[in-house]
Structure formats: C-alpha cells, structure tokens
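This report is for a reader who is new to the structure. Please look over the sequence and the model before reading on.

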Amino acid sequence: MNKPSITIYDVAREAGVSMATVSRVVNGNNNVKPTTRKKVLDVINQLNYRPNAVARGLANKKTTTIGVVIPDISNAFFSSLALGIDDIATMYKYNILLANSDSEEKKEINVLNTLLARQVDGVIFMGRQITQRIRKELLQAKTPIVLAGTLDTKQQIPSVNINYEAASFEATSFLAKKDNQQIAFISGPLVEPVNIAYFNGYKKALIENKLPYQEGLIFEADYLFHKGGDLAKRIKNANINACYVTDDELAIGLSNGLLDLGIDIPDEIKIITSHNSTLTEFARPRISSITQPLYDLGAVSMRLLTKLINQEGIEEKNVILPHGFEEKGSTSKN
C-alpha cells in the first residue's frame with residue numbers, strides 16, 4: 001500500500017497554525033513571527049513535507065520552472081548551450097524541464113504546448129528553423145520565450161546568437177588567403193536560417209577574394225558524423241582543396257573520411273568548422289574553427305528570460321555575442 005503524501009493541511013494541524021501561515025512560511029513571506037516560523041519549519045522537517053510546485057505556482061503565479069526545447073540533445077552545440085542555461089537557471093533558483101524535439105515541427109509544437117500547460121514561467125526555444133506554425137505558437141503564448149542559437153529572420157522573438165554571416169565570411173576568407181581556389185561549403189539543409197546566413201558569408205568572401213562561385217562546391221547533409229564521412233569521396237573527386245563546414249560532427253566525419261582515402265590534412269585539403277565544441281579537440285588533426293561562446297549563448301539566453309519574466313528593463317531583445325577564430329591542425333601543421 002502506498003504511503004499517503006503529506007499535505008499542507010497536515011503541517012498546519014501538527015504546528016497548530018492556519019494553512020495560510022504555513023503557505024507564508026513556505027513562500028518566504030516575512031509577515032510571520034520568528035517563533036511561529038521556526039515551529040512550522042520544524043514540523044515540515046519532521047514530516048518531510050515537500051510543497052507541490054504547481055500548486056504553489058497557482059497561488060503566486062510562479063512555478064520557478066523553465067521549459068527548454070532542444071532539437072537534438074546529443075548535438076554538442078545545443079548541449080553546450082543547455083549547460084549555460086542550466087547554470088544560470090540554478091543561480092536564479094529556477095528548475096529546468098528539458099524536452100527533446102528531434103527538429104520535427106509537429107513534435108516541437110507538441111513539446112512547447114506541453115511545457116506551457118505545465119505553467120512554466122518561461123521557455124527557451126532552440127530549433128533549427130522557425131516555421132510559420134512554430135512562429136504562430138511562439139507569438140500567441142502568454143509566457144515569455146527566448147530563442148537560443150536560433151535565428152528569427154523577422155526578429156519578432158527575443159533571441160541570443162552570434163553574427164553567423166560575418167563568422168562564415170571570416171572563415172572562408174582565411175581559407176582563400178591561403179591560396180585555396182576550390183573552397184567547398186558544407187552545411188545542413190539550406191532552408192535553415194543559420195545555414196543561409198553562413199552561406200551568404202561564404203559567397204561574400206568569394207567575391208571579396210575574387211573567386212568564382214560554383215554550384216558544384218555546395219554540399220548539404222544531415223547533422224550526423226557518418227554523413228560527413230559519406231561526402232569524403234565526392235570532395236576528393238571534385239579536386240577541392242579547402243572546406244568550410246557549418247557543423248562540427250559533419251566536419252569530423254569528413255576529416256576522418258578523407259584520411260581514410262589517403263588525403264593529407266591540411267596539405268591537400270584544409271578544413272574549418274563552426275562551433276569549436278569539444279569534438280574538434282578529439283579529432284586528429286584537431287579541427288580549426290570559428291569560436292562561438294557556446295556556454296554564454298545559453299547563459300545570456302537564460303538571463304534575458306529572467307528579465308522578461310520579472311519585467312525588468314531590456315536594452316536589446318535580439319542579442320549578438322562576439323565570435324572569434326582558432327587555427328588548429330586542419331589548416332596548419334605549425
């Protein structure tokens with residue numbers, strides 16, 4: 001037989017006070033005598049009473065819970081953002097409900113509505129694309145929402161990102177200045193706003209460095225390690241001597257595939273990736289990369305959300321964080 005759960009009524013009865021007094025103690029209300037507070041806290045400890053967060057939320061209109069929608073929890077980019085989100089949430093005494101959406105529109109809508117139904121105080125949404133249906137759901141929600149590492153081309157929803165176009169421009173220009181004439185662009189689906197931004201930066205760098213744009217140097221693939229490996233033979237046969245890749249897993253899969261084909265990296269083909277996640281350190285050679293402040297993307301998103309929840313003043317609702325570049329073994333042996 002299951003042991004009955006302890007309720008606020010049980011605590012009030014044992015402490016000889018009203019349920020309203022117990023509620024004030026639990027919620028940190030200072031309008032309780034110190035002796036009464038101690039008596040109630042002693043009973044709470046004796047009975048091992050755990051207040052129901054949802055019930056408390058209905059009373060004070062806060063559940064101290066944040067919903068986080070993540071497209072792929074196994075992806076190093078998004079998992080790094082989630083760590084930053086969780087640390088700042090803990091600092092501000094929020095709990096996290098994490099929901100994996102598999103980058104599927106129907107599931108994204110389902111998990112978003114599930115989180116909202118749980119009365120979360122706010123939502124951080126990470127996704128690869130804000131479709132019209134997703135946009136409608138996000139805009140009609142009365143709960144504060146922030147996008148993390150996710151571009152809203154209409155800038156209707158608060159967000160935290162880097163300048164992806166500028167980052168891609170710099171990476172591609174770096175390759176061009178090393179006398180590479182055949183620079184491939186490798187990304188996930190080119191319908192996704194972040195990839196479009198990367199692509200635009202790539203094309204601008206070609207123009208700036210007087211290199212022709214060639215359709216045959218553009219490759220799309222799923223964000224999976226083995227998909228990068230599958231591209232290796234096509235890259236070799238196209239006489240490409242440098243690759244800019246928008247995803248670390250793809251980049252490492254490509255690097256391993258090229259090495260398996262006997263291609264020397266970086267002497268024959270140079271590779272730059274985009275996230276500088278820990279994965280780039282595991283590869284041999286280590287992969288040169290744009291440096292994104294992955295942890296900070298998550299942390300700043302969470303801080304922005306707390307400001308929205310508490311209706312604090314916000315200077316900028318679409319935040320752009322600085323990025324950099326780190327050269328490693330995939331572009332230089334020095």
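This is a predicted model: local features need pLDDT of at least 70, side-chain atom pairs count only at pLDDT 80 or more; totals for chains, interfaces and linings use all residues.

Residues are numbered from 1 along each chain as its sequence is written, and side-chain values use heavy atoms, with hydrogens and water left out.

A nonpolar core is a set of buried Ala, Val, Leu, Ile, Met, Phe, Trp, Tyr and Cys residues joined through side-chain atoms within 4.5 Å; buried means under 20% relative accessible area (1.4 Å probe, protein chains only). The largest nonpolar core has 67 residues, and Ile 235 and Met 302 are among those that touch the most other members. Apart from this core lies another, of 17 residues, including Ile 109 and Phe 125.

Helices (H or I, at least four residues) and strands (E, at least two) are DSSP runs, numbered from the N terminus. Met 302 is one of the buried residues of H13. The buried residues of H13 are in contact (heavy atoms within 4.5 Å) with elements that include helix H5 (76-91) and strand E1 (65-70). Just after H13, Gln 311 has a positive phi of about 55 degrees.

Helices H6 and H7 also pack together.

| Helix | Residues in the contact |
|---|---|
| H6 (residues 105-117) | Glu 105, Glu 108, Ile 109, Leu 112, Asn 113 |
| H7 (residues 132-140) | Arg 133, Ile 134, Glu 137, Leu 138 |

The angle between H6 and H7 is about 10 degrees, and they are therefore roughly parallel (under 35 degrees).

Notes: Buried means under 20% relative accessible area, exposed over 50%, partly exposed in between (1.4 Å probe, protein chains only). Axes are lines fitted to C-alpha atoms, for helices over the stretch in contact, and angles run from 0 to 180 degrees between N-to-C directions. Angles under 35 degrees count as roughly parallel, over 145 as roughly antiparallel, 65 to 115 as roughly perpendicular and the rest as oblique.
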